[in-house]
Amino acid sequence: MPPRKTSPSEEGPKPRRRRTTAGSKEQTRPESRRTTKPAKEEPEAQPQPRQGSQRREQPFLELVDETMRDAIRVRDPQIAPEEAAAALHRLFEWQLPSPEHGAALVKDIGPARAQAIVDVALRDEPTPATVALAADLALAEGDPDTAVDRVLQARDLVDHPYLRLRLARSREQQGRVVEAVEELRDALQRDPGVEEAQVLRGELLARLASWQAREPFDCPCGSGQAYRACCQATATQLLAEFRDGAPLQALRAAVVVFVERTPELHDFMENALREWAAELELDLDAGDDDSQGLFQLSAERAWTTAVDGGERTILTDFSADKEASPEQAKMAAEWGRWKAWGLWQIDELGEPGVLLTEYVTGTRVYAHMAPEQRRGLRRWSVLLGCFGPVNGIWRPGWGLVEVDPAHARTLALRVVRFAEWVARQGDSRHQLVVDWAQHVCHELDERRWLPDRAERVPRGIVKTARNLVSVMLASLVGEARGATQLAQGPEAADEPVPVLDDLTLRQAAGRQEYADRLEVVLRELEHHRASTGQKPAVGDLRRELGVP
Ligand SMILES: [Zn+2]
């Protein structure tokens, strides 16, 4: 059994037990039950077929057991609210529940029990988790004013991106969309990787963009003023900032100059380009757009590749350079830290941005893409390349190679198989990667892989997968290009590729090129039906269409 299954999945990320000086309730618990294991040692405690493993597993299993019991204490109506509140605090003392998680919990235990738990917690000793639950309860009951108060109260106890996200949601429910976007902007500048904040910012920016197109008269924030005299100026500024690719362009220009005047880096870059050209059979002097784009992609990869086998890259050298401006040094460090190589599936081509899901890891970002980068793209297109944040706003790198969904699946499978192979060479700490890779391979093989429905992947695995795409880039690009050239051959060109939307479902089911996509649609439908508690009629639909 994969280790992640042993933690109570309904509680999301397994809470790490760390003793804190803040929670005084901790001290009333027997010491023996508070056995603490640092997070990085956990994989050692996974089941391993060797002598003595039984004893090594013990603390880990106890921890799982205890966590399960706490999860039950929160939910069991027979358990007093006082005890449930303490259990809630223990479950989330290390990592707060996300707003989605909190909302699901409120739904799960019912508003009455949530209220009882919140009441005792607020009366006795408020903890970040219980106050956050109070905010989730208020939001569920359509009371954003109380939710705002609660989030601010929780923020006095701890500053956490999930609290900023809750505040943004509460502001949005109040109608104060501009303030919500500002809150998300702050949160994402500090941690560009909070997916829920990315997705919510996308939704809210789209709303601001629609107001720009069709101006409301009364300000939606409820101030009673005209929109023009109230939130419009800030909204315009937030949209302009999101759409402004100039800082990233300026950074690129500055890095090019930096590399030119640093002989070691110049040589490194030259070698990287030569190897790239050899591997992809490109002419180094070719001036056509296609080759230029591929060389840019190579340069971009070279910027974040280890220069001497250690931690040094062109971008880390640049950000440490005395002549670099502090803003550009910061941007270079941010890009270098968060750069995300992958197969990016376009979920929504919206305005002002694009919602993307990375095909291998299922991570999502809401990114800005310039009009020339969006040309020819459609929903479900997959882009092989790099996205990265600048001041918390995600943007694509220079070169992106478009891949059709069926080939993206093949490429993803190669990445995941390689990840498994690499992880097997390591020690038992890499077992998590092996388990994850086996799971994804299985789903991909069975054509059941849905990146946007996949279980949340730990950040360590995400980072590994992204690095592997960077390592494998030349061969992935070669394969993607080979596939593209085949698809654009003379026979294929004679018959225009139909748009899925124009086909009936039955027609689509009969076409090989849409079978994968149909599977996705059916699974989304199943997922939706299940989450709304409706009878799953998808089985009937499958039979009707002749799809297994
Ligand atoms: Zn306003």
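Biologist: Which residues coordinate the zinc ion?

Modeller: First, the basis: this is a predicted model, in which local features need pLDDT of at least 70 and side-chain atom pairs count only at pLDDT 80 or more, while totals for chains, interfaces and linings use all residues. Residues are numbered from 1 along each chain as its sequence is written, and side-chain values use heavy atoms, with hydrogens and water left out. Donors are N, O and S atoms within 2.8 Å of the metal (3.2 Å for Na, K and Ca); water is not among the atoms, so sites may look incomplete. Here the SG atoms of Cys-219, Cys-221, Cys-230 and Cys-231 coordinate the zinc ion at 2.2 to 2.4 Å.

Biologist: What is the geometry of the site of the zinc ion?

Modeller: Ideal angles at a metal are 109.5 degrees for four tetrahedral donors. Four donors count as tetrahedral if all angles lie between 85 and 135 degrees. The site of the zinc ion is tetrahedral, with angles of 103 to 115° among its four donor atoms. Along the chain, the donors follow the spacing C-x1-C-x8-C-C. Cys-219 and Cys-230, eleven residues apart, are both in the loop between helix H9 (195–213) and helix H10 (232–243). Helices (H or I, at least four residues) and strands (E, at least two) are DSSP runs, numbered from the N terminus.

Biologist: Is Cys-219 buried or exposed?

Modeller: Buried means under 20% relative accessible area, exposed over 50%, and partly exposed in between (1.4 Å probe, protein chains only). Cys-219 has a relative accessible area of 6% and is therefore buried, whereas Cys-230, at 23%, counts as partly exposed. Of the 548 residues of the protein chain, 48% count as buried.

Biologist: How many aromatic pairs does the count come to?

Modeller: Rings of Phe, Tyr and Trp (its six-membered ring) pair if their centres lie within 6.5 Å; planes under 30 degrees apart count as stacked, over 60 as edge-to-face and the rest as tilted. By this rule there are six aromatic pairs. One of them joins Phe-258 and Phe-318, which are edge-to-face at 5.5 Å centre to centre, with 80° between the planes. Phe-258 belongs to helix H11 (residues 246–260) and Phe-318 to helix H14 (residues 314–320), so the pair ties together parts 60 residues apart in sequence. Phe-258 is buried at 5% relative accessible area, and Phe-318 is buried at 3%.

Biologist: Why is the pair of Trp-303 and Trp-398 tilted?

Modeller: The ring planes of Trp-303 and Trp-398 stand at 55°, with the centres 5.2 Å apart, so the pair is tilted. Trp-303 is in helix H13 (residues 289–303) and Trp-398 in the loop between strand S5 (393–396) and strand S6 (401–403), 95 residues apart. Trp-303 is buried at 7% relative accessibility, but Trp-398 is partly exposed at 28%.

Biologist: Which strands pair with S1?

Modeller: Two strands pair if DSSP finds at least two bridges between them. S1 pairs in the antiparallel sense with strand S4 (residues 382–390) over six bridges, and Gly-342 has Gly-385 in S4 as its bridge partner. S1 also pairs in the antiparallel sense with strand S2 (residues 354–358), over five bridges. Within S2, Leu-355 stands opposite Glu-348, and a hairpin of four residues joins S1 to S2. Strand S1 (residues 340–349) is largely enclosed by the rest of the structure, because eight of its ten residues are buried.

Notes
Tetrahedral: all angles 85-135°; square planar, octahedral: opposite > 155°, others 65-115°.
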